Amino acid sequence: MTDALEVRDLAKAFGGVKAVDGVSFALREREMLALIGPNGAGKSTCFNMLNGQLKPDGGSIRLFGAEILGLPPRKVWRLGVGRTFQITATFTSMTVIENVQMALISHHRRLRAMLPFAGALYKDEAYDLLELVGMEDQSGRACGMLAYGDLKRMELAIALANDPRVLLMDEPAAGMAPQERVQLMELVARVVQSRGVSVLFTEHDMDVVFGHADRVMVLDRGRLIVEGTPAEVRNNPDVQAVYLGT
Ligand code: ADP
Ligand code: MG
């Protein structure tokens, strides 16, 4: 089976700092793969290159076999690489369901058709997505009024409106309470199951990582040092050394 993402020798330096220094890995289809590592390890730099926001110095990024390295973010997004939790993408004066409808309208390139029908367009699909993320009873609320955790779930629904094949989540649970973190990851796992999405994510809370990832990769100073199942990675002495700073 072709991998969802196949990354080879990805590299990026800022001035003299090799932020990402020859990273290679595969994200398998329908997998939840965690990328962990201490602050400054290069995780966000990797994410920024994977969605086209940042131009790599070298390497290759294949999406289901097709090279996407060098494409602009909009093209990468169109090809099915979603990135969650960009708060700026939401319209705070609109309701929850209107935000998801807007994302669907944008995905189906129906912007010109939108004005006369705005109230009804893709409403059923939007409602289905809100159901998927457990927010159907909040569909009519203004999203400026949402609690932080609900905003995160709405943003997941918005990302799913683009029908992504791959979801990149850079610290999706940042700022959430421990209980909310677990709930969000359970929700992402359900989405992987029901939509067949492949997920690459980072997360600080190791209990969340080891509890939800199918596989874990550890990045240290721009290089992948360990990759394996949660149990393998948790017990690896090199990983413990990185986190203890020894
Ligand atoms: P992480 O997400 O793992 O905490 P980052 O990818 O944000 O790590 O950062 C990796 C390294 O690259 C750090 O040393 C950081 O200071 C540096 N870095 C990241 N982005 C930039 C940038 N735009 N300009 C200069 N240095 C950067
Ligand atoms: Mg980061």
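The model is predicted, with local features requiring pLDDT of at least 70 and side-chain atom pairs pLDDT 80 or more, whereas totals for chains, interfaces and linings use all residues. Residues are numbered from 1 along each chain as its sequence is written, and chains are lettered from A and ligands numbered from 1 in the order in which they are written.

The axes of H3 and H6 are 8 Å apart at an angle of about 20°, and the two helices are therefore roughly parallel, a term for angles under 35 degrees. In this contact (C-beta atoms, placed from the backbone, within 7 Å), Val96, Asn99, Val100, Ala103, Leu104 and His107 of H3 meet Met154, Ala157, Ile158 and Ala161 of H6. By class, these comprise eight nonpolar, two polar and no charged residues.

H3 itself is mostly covered, with nine of its 12 residues buried, that is, having 20 or more other C-beta atoms within 10 Å of their own; among them are Ile97, Gln101, Met102 and Ile105. After H3 comes Arg109, whose phi is positive, near 50°.

H6 (residues 148-161) also packs against H7 (residues 178-195), at an angle of about 15° and with the axes 11 Å apart, which makes H6 roughly parallel to H7. Here Gly149, Lys152, Arg153, Leu156 and Leu160 of H6 meet Glu180, Leu184, Leu187, Val191 and Arg195 of H7, and the contact residues divide into five nonpolar, one polar and four charged.

Notes
Axes are lines fitted to C-alpha atoms, for helices over the stretch in contact, and angles run from 0 to 180 degrees between N-to-C directions. Helices (H or I, at least four residues) and strands (E, at least two) are DSSP runs, numbered from the N terminus. Angles under 35 degrees count as roughly parallel, over 145 as roughly antiparallel, 65 to 115 as roughly perpendicular and the rest as oblique. Two residues are in contact if their C-beta atoms, placed from the backbone, lie within 7 Å. Ala, Val, Leu, Ile, Met, Phe, Trp, Tyr, Cys and Pro count as nonpolar, Asp, Glu, Lys and Arg as charged, and the others, Gly among them, as polar.
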